[in-house]
Amino acid sequence: MTSHVPNEARVIPLRPRAERPAARPAASPVAPVSPERRPPTVREPLWRDLVGDVLRRERLEQERTLKEVAEAARISMPYLSEVERGRKEASSEVLAAAAGALGLGLGDLLARAQGELVRLTSRHTGAGAGRGTPGTRFDGMCLAA
């Protein structure tokens with residue numbers, strides 16, 4: 001005779017369950033914030049997207065194919081494609097190889113990505129936003145035309 005054990009799946013949630021807010025006392029009503037008054041939600045760009053954009057832009061400016069650059073960097077063409085599209089978070093060795101295949105140093109690649117980050121974030125926060133406020137650090141490069 002075999003014992004019957006129920007076959008139950010164990011579900012592990014990827015995100016913690018949202019706690020339901022406790023009921024507010026009726027004595028202190030809070031007016032809801034209208035959507036027009038809420039500050040716009042700005043999603044900061046991901047580093048992998050910025051680096052991928054720089055790699056793709058440089059490759060296209062050199063009029064080189066993905067295959068040519070991947071072979072020169074000794075990485076697979078599908079992986080380089082995913083790095084360019086921001087789908088993969090590449091290691092520093094892979095980034096250095098891809099940059100080297102394009103005639104760039106790793107520092108050049110990262111400096112260009114950092115410049116793109118500054119450009120994109122300053123567009124959302126306004127030019128010069130936060131400058132001069134105590135505790136604010138700016139470690140970027142200054143380029144003059």
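**View 1. Contacts across the whole chain.** Among contacts (heavy atoms within 4.5 Å) between residues at least 6 apart in sequence, 61% join residues at least 24 apart. This is a predicted model, where local features need pLDDT of at least 70 and side-chain atom pairs count only at pLDDT 80 or more, while totals for chains, interfaces and linings use all residues. Residues are numbered from 1 along each chain as its sequence is written, and side-chain values use heavy atoms, with hydrogens and water left out.

**View 2. Where helices α2 and α3 cross.** The axes of α2 (residues 66-73) and α3 (residues 77-84) come within 9 Å and cross at roughly 110° (lines fitted to C-alpha atoms over the stretch in contact, with angles from 0 to 180 degrees between N-to-C directions). The two helices are therefore roughly perpendicular (65 to 115 degrees). Leu 66, Lys 67, Val 69 and Ala 70 of α2 meet Met 77, Leu 80, Ser 81 and Glu 84 of α3.

**View 3. The loop at Gly 105.** Look for Gly 105 between α4 (92-101) and α5 (106-125). Its relative accessibility is 30%, so Gly 105 counts as partly exposed (between buried, under 20%, and exposed, over 50%, with a 1.4 Å probe and protein chains only). The C-alpha atoms of Gly 105 and Leu 95 are 9.4 Å apart.

Note on methods: Helix = DSSP H or I, 4+ residues; strand = E, 2+ residues; numbered from the N terminus. Parallel < 35°, antiparallel > 145°, perpendicular 65-115°, else oblique.
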